[in-house]
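Trainee: Could we go through this one together, with the cut-offs spelled out as we go?

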Amino acid sequence: MSDVFNFHQALTDQLNKKYNEKKPNQFLFSIIIPVYNVEEYLEETIQCIINQTLDFEKHVQIILVNDGSPDNSEKICLKYANKYPSNILYIKKENGGVSSARNKGLEFAEGEYINFLDSDDILEKDALEKVYEFFSKHKHEIDVVCLPIYYFEARNGQHLLNYKFDTTKLIDIEKNPQNIQLHVSSAFITSKQAKKHRFDENLKYGEDAKYITEIILDKGKYGVLTETKYFYRIRRNQTSAIQNSKNSTSWYNDSLIHFSKYLIDLGLEKWGKIPKYLQHIIMYDLQWRFRIKEIPTNVLSKEKQEEYIKMVIDVLQYIDDDVILYQKYIGFHHKLFILKLKYLSDENKRFKYLYAKDNIKIFFNNHLVNSLQDQKVYLNMVEINGDKILIEGMFASAFEAAECEISILFNGKEIIAEKVDRSLNDIKIWGITVKKIYGFKAHIDASTIKKVGHIQFYVKYDQIKTKINYTLTSRVKFSKKIPSFYAKDKLIIFPGKKELKIIPNTFFNNLRKEAGMIKRLILINKKKPAAKKAIFVRLTYFLLKFFKKRKIYLFMDRIDKADDNAEVLFRYSLDKKDKILKYFVISKNSSDFNRMKKYGKVLPYGSYKHKLFLLLCDKLISSHADEVILDPFGSTKIFYKDLLTFDFVFLQHGVTQNDLSGWLNKYQKNIKLFITSSKMEYDSILNGQYGYSEKEIALTGMPRHDRLENKANNQILIMPTWRRNIASKLDQNLERTYNPKFVNTEYFKMYNNLINNEKLLDKLREKNYKMKFVIHPALKEQAKDFTPNDRVEIINPDNIKYYKLFNEASLLVTDYSSVAFDFAYLRKPIIYFQFDQEEFFNIHFPSGYFDYEEMGFGPVVKSLDQMVEELISSLENNCKLPEKYKERIDNFFVFNDKNNSQRVYDAINKM
């Protein structure tokens, strides 16, 4: 390795010598590119500069700064430095972060204008030419020209701060302080100013914003150019910095000290006050911090959290109220909380209430912040059952929820809405509940409607009652946007401007409403071609529905795999002569597709037939509740949502042990039958924040448990679950790409070291045992990273039968995965390997009713050495289940027979 390093270093020195010998005339541009782990993208970035409309060899210098990159980026750098020795300078340094790499590059920049291009981003072809032309016109007025940022790869759209790019112009930051610039890579800076400043190497977040701000403040103006673009890559295999930032210590106290407080001190030193432009920059950064619901205790201790909050309050003293209220990316309640923090000692004195006959207005420091008349109710559910309507929703405002009352006026009759606990939706900041949400529901008897019924919403506070508007959330089956309608049983309901309207569901009314819908789709088709297809689908749907005589059930596990509860129940149901049409849905590319066709009718996921049958079906029965299961229509769902009237039966993929109410609650998934296996699990869902009643939850046991048999065969099974922060993101084809950084994670190191531990391997050989390490489906692209050996088989999950693995294994090692319950059902030993317990429950899932120490089916282990010792001890004991854990298993499961499928199917048919 040292020979290779010396060779590359010698080649680098030689190229730099050539560069100095052939030093060209003054460059117009120096493009500094920090390089770290970007071999996949670097060539595209370099080529976007070489291919500029401006002559590259005459006018452009590229400085590639290798910041100790461990991948093959250096080879790419050397290739281009060798090809363009007069234009491309390659510098190699020890890893010090992006700021140190940019600072190093500045030392060698020779161009009139300098840019810090990110090594995976792209400039539009004419960017340099356009920037130079703009600078030529405004050379003495500005030091900075900026381009609008457009995202590509994993996300499309524009940067949030692109609103200032309405025209090409100069921005005066004193006249337009809200037009802030934070991104340095999309900026071009005069050489004199760029070299006068340096990036703060203490900052991991906001270092470019700090740098560019100091430069813009010098002249108080900068240019914005709309005729060209900067393309910012959102990588498919990584989450954004903002998404991960709350898990980084640096984002909290360090960032406040080196960014926010630094800018405050800078303003006080130069002007004796904080200019509005600086206030907007500081507040733009702060607003993202107020979107954090809970600060993970493994990131900041309680003491550090207190220190952080005190610093935030201190910073807020320098931000004017109008700047706080201006922020676009936090809600009203967040802004109100910020104002309360700012005036912590006397906030109540600053509130004033103005009463009118039918309205109340709230002022804070003479700023109007809320008005009772301007409020809305958010409708989460509007359902028809016969001639009855159920409405459930939320109300949130500056007015205290406990003192509000929501009522509905239906054809002149007032219905006081029943209050419902919606604490799940309470607005929290840093673990503090800043707004209690008023949940409500109301039952409306619409049996007397002859022509048109009207549903209007009212709120009463402190004896003042006023009519308010409504908003339809995504789960409501009709929309204001098109608008559409929802027809079921005896009623049709559709949106009015400030009220809901109801008419009888007669053939004529249905035909008239559908004709209106088709007419709107024809008009929409001019802008959205998918609307044309929707017309054909809707007409086909209504024709088939008219002739439909039998119920239709769709069964589904994962998109790409069967072999779960839905497959077991589907195969069981096929023996029932109940005249119900049953179909299994799975991707045509799945290895299970043809196998499932041997048992019954199969629909290819995403096909025209699948989507049509989903609209026609009575029940969707699935072991998964992901949005792609419930909605294969994607962005075109708005054309069909009124037709999606099926009941969703959730079989579960595993026993629920953690608190999944934030994902599986009634207002997110609207599950009509929620299958459970244990009384403890049943109670946790009924009494938790899921929003379901006894009517929607069934204690039946899992269908897939019916095929479990103890056939232990000297095998140890290792099956950990995944981690969101180490799995690559799903692309548009719902597939994940390989993540090269996975090998640096603690997760990989722990499991790879476990399966290659020599002491353990010796014991496996002695006892004639083997291990099977099963990769979680979300991490299957990383299977090649793990090192197999003569005792360990690395298993990709695509082509396996989980129940056979459970049946044949003698012992299971898992972490937090629900597979532990399947294995426990067989009364076989389990070891929980929870080396990252605190982080897991802070970042991934809130812990639920299941206490691993008190209720777990095996010991909880937190270190690699202890894990090895536990495994060796179990092997010495021939993997026998201790009586202590057998009693826990017996107490947990209600059913231990082979009749789970029968109970589930009976429960479905009784719905």
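Mentor: Helices (H or I, at least four residues) and strands (E, at least two) are DSSP runs, numbered from the N terminus. The model is predicted, with local features needing pLDDT of at least 70 and side-chain atom pairs pLDDT 80 or more, while totals for chains, interfaces and linings use all residues. Residues are numbered from 1 along each chain as its sequence is written, and side-chain values use heavy atoms, leaving out hydrogens and water.

Trainee: Okay, how many residues of helix 14 are buried?

Mentor: Helix 14 spans residues 332–342 and is mostly covered. Its buried residues include His333, Phe337 and Leu341.

Trainee: At about what angle does helix 14 run to strand 14?

Mentor: Helix 14 lies across strand 12, strand 13 and strand 14. Axes are lines fitted to C-alpha atoms, for helices over the stretch in contact (heavy atoms within 4.5 Å). Angles run from 0 to 180 degrees between N-to-C directions. For helix 14 against strand 14, that gives about 135°.

Trainee: And what is the strand order in that open sheet?

Mentor: Two strands pair if DSSP finds at least two bridges between them. Strand 12 and strand 13 (residues 360–364) pair in the antiparallel sense over five bridges. Strand 12 (351–355) and strand 14 (367–371) each pair on one side only, as edge strands. So with three strands in antiparallel pairing, the order is 12-13-14.

Trainee: Which residue in strand 10 is the bridge partner of cysteine 146?

Mentor: Strand 6 (residues 144–146) runs parallel to strand 10 (residues 221–224), joined by two bridges. Strand 8 (residues 169–172) pairs with strand 10 in the antiparallel sense over four bridges. Lysine 169 has valine 224 as its bridge partner in strand 10. For cysteine 146, the partner in strand 10 is valine 224.

Trainee: How many disulfides does the count come to?

Mentor: A disulfide is a pair of cysteine sulfur atoms within 2.5 Å. By this rule the count is zero. Take cysteine 48: its nearest cysteine sulfur, on cysteine 77, is 14 Å away. Cysteine 48 counts as buried because its relative accessibility is 9%, but for disulfides the count is zero.

Trainee: Which element gives the most residues to the lining of the largest cavity?

Mentor: On a 1 Å grid over the protein atoms alone, a cavity is a set of points where a 1.4 Å probe fits but cannot get out, and lining residues have an atom within 4 Å of a point. The largest cavity holds about 300 Å³, the volume being the space filled by probe spheres set on points joined across faces, edges and corners. Its lining has 22 residues, with Arg475, Lys477, Leu644, Phe646 and Asn670 nearest the centre. The most, four residues, come from strand 15.

Trainee: Last one: is lysine 548 buried or partly exposed?

Mentor: Lysine 548 sits in the loop between helix 17 (530–547) and strand 28 (552–556). Leaving aside neighbours within four places in sequence, lysine 548 is in contact with Leu616, Cys617 and Asp618. Because its relative accessible area is 26%, lysine 548 is partly exposed.

Conventions:
Buried means under 20% relative accessible area, exposed over 50%, partly exposed in between (1.4 Å probe, protein chains only). On a 1 Å grid over the protein atoms alone, a cavity is a set of points where a 1.4 Å probe fits but cannot get out, and a pocket is an open set with protein on both sides within 12 Å along at least five of seven lines; lining residues have an atom within 4 Å of a point.
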